[in-house]
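Please work through this model with me, one question at a time. Keep the answers brisk.

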Amino acid sequence: MRRILVVGASAAGLAAAETLRREGYDGTLTLVGEEAHAPYDRPPLSKQILSGEWSAERLPLRARADLDALDLDLRLGRAATGLDLAGRAVLLADGTRLPYDGLIVATGVRPRRLPGEGDAHVLRTLDDALALRDRLGPGRRLVVVGAGFLGAEAAAVARGLGTEVTLLEPAPVPLAHAVGEQVGRVLSQAHLDHGVDLRTRVGVAEVSDTGVRLTDGELVAADEVLVAFGSLPNTEWLEGGGLKVADGLVCDEYSAAAPGVYGAGDVARWHNPLFGTSMRIEHRTNAAEQGMAAARNLLHPDARKPFAPVPYFWSDQYDMKVQAFGHLRGHDEVTVVEGELAARRFIVAYRTGDRLVGALAIGMPPKAIRGWRQAVATGASWHEAVGTASPPLDVP
């Protein structure tokens, strides 16, 4: 194998490239990125960059000298537009045809859009964050469409900058599908306590020049609108190329989509044998871990290992640090195992079937939740991990 191509120059793609070199690969290594920027970190976009706490110079994942040391054929500002699986080549928007012996797909996701968005903001790239940051501050009105983690983080930062914020969410309780209704209410109350106009059970028809039009006809006035109600995997360039695509690039437990082709990061939907289910995860930690795993499996096909992580994510909202391990979606029960919800200092555990599948902490030190991660990783039963001491919060 003398030509490896990594498409996607963010956390997953960079981790894959670094792992290939670390594992001894000395052939041609091409890293393609749609953005002109060198690989940079995305979680700070909705936190430190949006708030102005950090400058853009702090975002690069590696110093230029470290990138140069990887001896990459670096193709930035080039979007992939097609895949010739039989001919083992990727087509770029500028007409370039890049042959490969091995391919890692790490093209990430893009924000969902609304009808008539006009000048509405999204928050996925550095340029997105800088454009929105320049429009926030005292006397400004921001409407955020979508109260998921991204929208909630942006709303919290905007309030901290003195912006008047309206947060719109179609669900009765924000994030209830992911973290449970009671935890969702705790997070919602924090926004209310900080003066956010949180509106649930509302639908958005379109974005206009003066605000957001709801499905009931009401216009919610705004100077700026941020659309943050989900994302779509960047797989259009793969369509018709011979790979299976279904809400992401479909991969097996090794992150393989086809012989010599692997997926990594937000774009990959793979079978996680630890939980026995298919999942696609849009979190920074998973991107780096899967990039490394995909690179090793591509380079060492006779010694492949299943990619079976305990997913991890975190969120910063106001003075709250949210941390979670596991696969929380679709849970059957949530139980407080330490602390109190009302104090916004607690750990809750999640059950699916008879198994502990995750834990979430708010306002707790990192070490407080690490033991729960280990219990999830070892497949602990609900009874041995939690027992019956605490009544459940949510039993659908």
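## Cavity, sheets and single residues

In this predicted model, helix 7 (residues 181-193) gives the largest share of the lining of the largest cavity, three residues.

Q: How many cavities of 30 Å³ or more does the structure hold, and what is the volume of the largest cavity?
A: The model is predicted. The structure holds one cavity of 30 Å³ or more. The volume of the largest cavity is about 40 Å³.

Q: What is the volume of the second largest pocket?
A: Its lining includes Glu23, Ala293, Arg296, Asn297 and His300. Ala303, Arg304, Lys305, Pro306 and Phe307 are also among the lining residues. The space in the second largest pocket is about 160 Å³.

Q: How many residues in the lining of the second largest pocket are charged?
A: Glu, Lys and Arg count as charged. The lining includes Glu23, Arg296, Arg304 and Lys305. Beside four nonpolar and two polar residues, the number charged is four.

Q: Which residue in strand 11 is the bridge partner of Leu168?
A: Strand 10 (residues 164-169) pairs with strand 11 in the parallel sense, over four bridges. The partner of Leu168 in strand 11 is Arg199.

Q: Why is one side of strand 12 (204-208) and of strand 14 (219-221) left without a neighbour in the sheet?
A: The open sheet has three strands in the order 12-13-14, with antiparallel pairing. Strand 12 and strand 14 stand at the edges. One side of each has no neighbour in the sheet because each has a single partner strand.

Q: Which residue in strand 14 stands opposite Arg213?
A: Strand 13 (residues 211-214) and strand 14 run antiparallel. Three bridges join them. Opposite Arg213 stands Leu219.

Q: Which residue in the hairpin of strand 22 and strand 23 takes a positive phi near 55 degrees?
A: Strand 22 (residues 312-317) and strand 23 (residues 320-326) run antiparallel, joined by six bridges. Tyr312 stands opposite Phe325 in strand 23. The hairpin has two residues between the strands. The residue with the positive phi is Tyr318.

Q: Is Asp71 buried or exposed?
A: Asp71 lies in the loop between helix 3 (64-69) and strand 3 (73-76). Asp71 is not a glycine, yet its phi is positive, about 55 degrees. Exposed means over 50% relative accessible area. At 59%, Asp71 is exposed.

Q: Is Arg201 buried or exposed?
A: Arg201 sits in the loop between strand 11 and strand 12. Its phi is positive, about 60 degrees, although Arg201 is not a glycine. The cut-off for exposed is over 50%. With 63% relative accessibility, Arg201 is exposed.

Q: Is Ser10 buried or exposed?
A: Ser10 is in the loop between strand 1 (3-7) and helix 1 (11-22). Leaving aside neighbours within four places in sequence, Ser10 is in contact with Tyr40, Arg42 and Leu61. Buried means under 20% relative accessible area. At 18%, Ser10 counts as buried.

Q: What is the relative accessibility of Leu67?
A: Leu67 is found in helix 3. Leaving aside neighbours within four places in sequence, its contacts are Leu14, Ala38, Pro39, Arg62 and Leu72. Leu67 counts as buried, with a relative accessibility of 5%.

Q: How many Å apart in space are Leu67 and Pro301, C-alpha to C-alpha?
A: In sequence, Leu67 and Pro301 are 234 residues apart. In space, C-alpha to C-alpha, the distance is 26 Å.

Definitions and conventions:
Residues are numbered from 1 along each chain as its sequence is written. This is a predicted model: local features need pLDDT of at least 70, side-chain atom pairs count only at pLDDT 80 or more; totals for chains, interfaces and linings use all residues. Side-chain values use heavy atoms; hydrogens and water are left out. On a 1 Å grid over the protein atoms alone, a cavity is a set of points where a 1.4 Å probe fits but cannot get out, and a pocket is an open set with protein on both sides within 12 Å along at least five of seven lines; lining residues have an atom within 4 Å of a point. Grid points are joined across faces, edges and corners, and a volume is the space filled by probe spheres set on the points. Buried means under 20% relative accessible area, exposed over 50%, partly exposed in between (1.4 Å probe, protein chains only). Contact means heavy atoms within 4.5 Å. Two strands pair if DSSP finds at least two bridges between them.
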